[in-house]
Amino acid sequence: MHARSVMAAGLDAMTGEVFKQKLVPASEVVVDWLRGLPGPVAVTYEAGPTGFGLYRAITAAGIRCEVAAPSKLNRPPGDRVKTDAKDALLLAQLLQVGQIVPVRVPTITEEAARDLVRAREDVRGDLMRARHRVSKLLLRHGHVYYGGNAWTGKHQAWLHGIRFDQPGTRAAYEADLEAVEFTLARRNRLDAAITAMAADSEFTDLTRRLCCLRGISTLTGFALAVELGDWTRFTGSSIGAYLGLVPSEHSSGDSRRQGGITKTGNTHARRLLIEAAWHHQPRYTVGPTMQARWEQATPAARVRGHAGNQRLHHQWAKYTARKKKHTVANTAIARELAGWCWSLATLE
């Protein structure tokens with residue numbers, strides 16, 4: 001699958017005959033070609049930037065379709081010639097022997113919600129870079145802020161009070177500061193849209209249950225809800241591996257070697273859990289913010305969330321007593337936090 005072309009290969013399981021065709025990337029053209037093959041027909045293609053429109057068109061036509069996870073495809077290590085035709089034939093062969101690991105295709109509603117939270121994630125990165133440009137320009141010219149935390153109202157007033165004599169520097173500074181303000185306005189609009197969708201959508205109940213844990217606000221809970229989609233496909237132990245929070249390992253014979261975390265799976269969800277895990281380090285108390293979130297959840301979710309908060313803080317205290325490096329301890333807490341999120345998400 002490419003933006004401007006589709007290379008199709010069909011393999012007849014009975015006769016071994018191979019069908020090859022280069023198609024235009026239009027769903028109706030691909031479906032017409034599939035209908036011309038000797039049936040019954042099963043289809044697979046690699047997940048990629050073209051999305052899931054072709055999958056939905058093929059399944060709507062009554063044809064079985066699987067979207068293959070590219071990272072799980074078994075490719076011959078000695079094969080140094082890679083073409084679209086060979087890749088398509090390999091996919092057909094793997095599908096025939098049942099070696100395709102499919103990805104979960106989100107619903108249209110889930111995909112729209114993901115677009116929203118990923119747009120917010122992009123704006124977060126844009127805002128960080130824009131703020132860095134402002135602060136580094138000021139640093140080069142000897143302006144350093146000592147009045148407290150940065151990017152508060154007081155800091156903003158200090159920024160607007162700075163004037164440069166040179167026209168070039170003045171224009172660059174005003175452009176960078178304007179970019180910060182525009183990006184901040186974009187972030188606020190997306191935050192409002194996420195808050196509204198989290199309060200009234202199919203993800204509302206799940207978001208409120210996830211918010212029973214410390215460090216998970218409405219924005220974080222909603223993002224986790226839509227990024228992971230169907231939580232029932234995981235278990236409390238497998239969700240950590242899916243998010244890339246388990247140690248890598250290369251063991252053979254009597255040797256067992258473990259390295260850093262694998263960092264596979266959903267990068268956005270992993271970052272959210274890593275950030276949320278830091279909130280479990282301070283002493284656990286039920287403040288007004290947590291109490292307000294609990295009031296929106298069910299009694300069972302409140303009990304489960306309270307138990308999770310106690311357990312995660314206890315784990316932090318244990319790692320601290322053992323002199324564990326804080327970043328390593330926090331990653332371990334994030335892995336266990338993922339399990340508690342799964343427990344709340346699948347709570348009936």
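**Figure 1. Contact between helix 6 and helix 8 in the predicted model.** Helix 6 contributes Asp 191, Ile 194, Thr 195, Met 197 and Ala 198 to this contact. Helix 8 answers with Thr 218, Leu 219 and Phe 222. By class, the contact has 5 nonpolar, 2 polar and 1 charged residues. Helix 6 covers residues 167–199, and helix 8 covers residues 218–228. Their axes come within 10 Å and cross at roughly 70°. Angles of 65 to 115 degrees count as roughly perpendicular, so helix 6 and helix 8 are roughly perpendicular to each other. The crossing is left-handed.

**Figure 2. Helix 12 against helix 13.** The two helices pack at an angle of about 165°, with their axes 10 Å apart. An angle over 145 degrees counts as roughly antiparallel, and helix 12 and helix 13 are therefore roughly antiparallel to each other. Helix 12 passes helix 13 in a right-handed crossing. From helix 12, the contact includes Ala 301, Arg 304, Gly 305, Ala 307, Gly 308, Arg 311, Leu 312, Gln 315, Trp 316 and Tyr 319. From helix 13, it includes His 326, Ala 329, Asn 330, Ala 332, Ile 333, Glu 336, Leu 337, Trp 340, Ser 343 and Leu 344. These residues divide into 11 nonpolar, 6 polar and 3 charged.

**Figure 3. The buried residues of helix 12.** Helix 12 runs over residues 299–321 and has 23 residues. From its first C-alpha to its last it reaches 33 Å, close to the 33 Å expected at 1.5 Å a residue. Buried here are Ala 301, Gly 305, Gly 308, Asn 309, Leu 312, Gln 315, Trp 316 and Tyr 319. An α-helix has 3.6 residues a turn, so residues three or four places apart point the same way. The buried residues of helix 12 pack against helix 7 (204–210), helix 10 (267–277), helix 11 (288–295) and helix 13 (326–345). Lys 323 follows helix 12, and its phi is positive, near 60°.

**Figure 4. Helix 3 and its cover of strands.** Helix 3 spans residues 84–96, a run of 13 residues. It reaches 18 Å from first C-alpha to last, close to the 18 Å expected at 1.5 Å a residue. Asp 87, Ala 88, Leu 89, Leu 90, Leu 91, Ala 92, Leu 94 and Leu 95 are buried in this helix. Their cover includes strand 1 (6–11), strand 2 (18–23), strand 3 (42–46) and strand 4 (64–68). Just after helix 3, Gly 98 takes a positive phi of about 75°.

**Figure 5. Glu 110 and its contacts.** Glu 110 is found in helix 4, residues 108–140. The cut-off for buried is under 20% relative accessible area, so Glu 110, at 7% relative accessibility, counts as buried. Leaving out residues up to four places away in sequence, Glu 110 touches Arg 104, Phe 203 and Gly 229.

Figure 6. Of the 348 residues, 39% are buried. Among contacts between residues at least 6 apart in sequence, 60% join residues at least 24 apart.

Conventions
Residues numbered from 1 in each chain as written. Predicted model: local features only at pLDDT ≥ 70, side-chain atom pairs only at ≥ 80, totals over all residues. Heavy atoms only, no water. Axes fitted to C-alpha atoms, helices over the stretch in contact; angles between N-to-C directions. Helix = DSSP H or I, 4+ residues; strand = E, 2+ residues; numbered from the N terminus. Parallel < 35°, antiparallel > 145°, perpendicular 65-115°, else oblique. Left-handed = near helix turned anticlockwise from the far one by under 90°. Contact = heavy atoms within 4.5 Å. Nonpolar A, V, L, I, M, F, W, Y, C, P; charged D, E, K, R; others polar. Expected span 1.5 Å × (residues − 1). Buried < 20%, exposed > 50% of the residue type's maximum accessible area, 1.4 Å probe, protein only.
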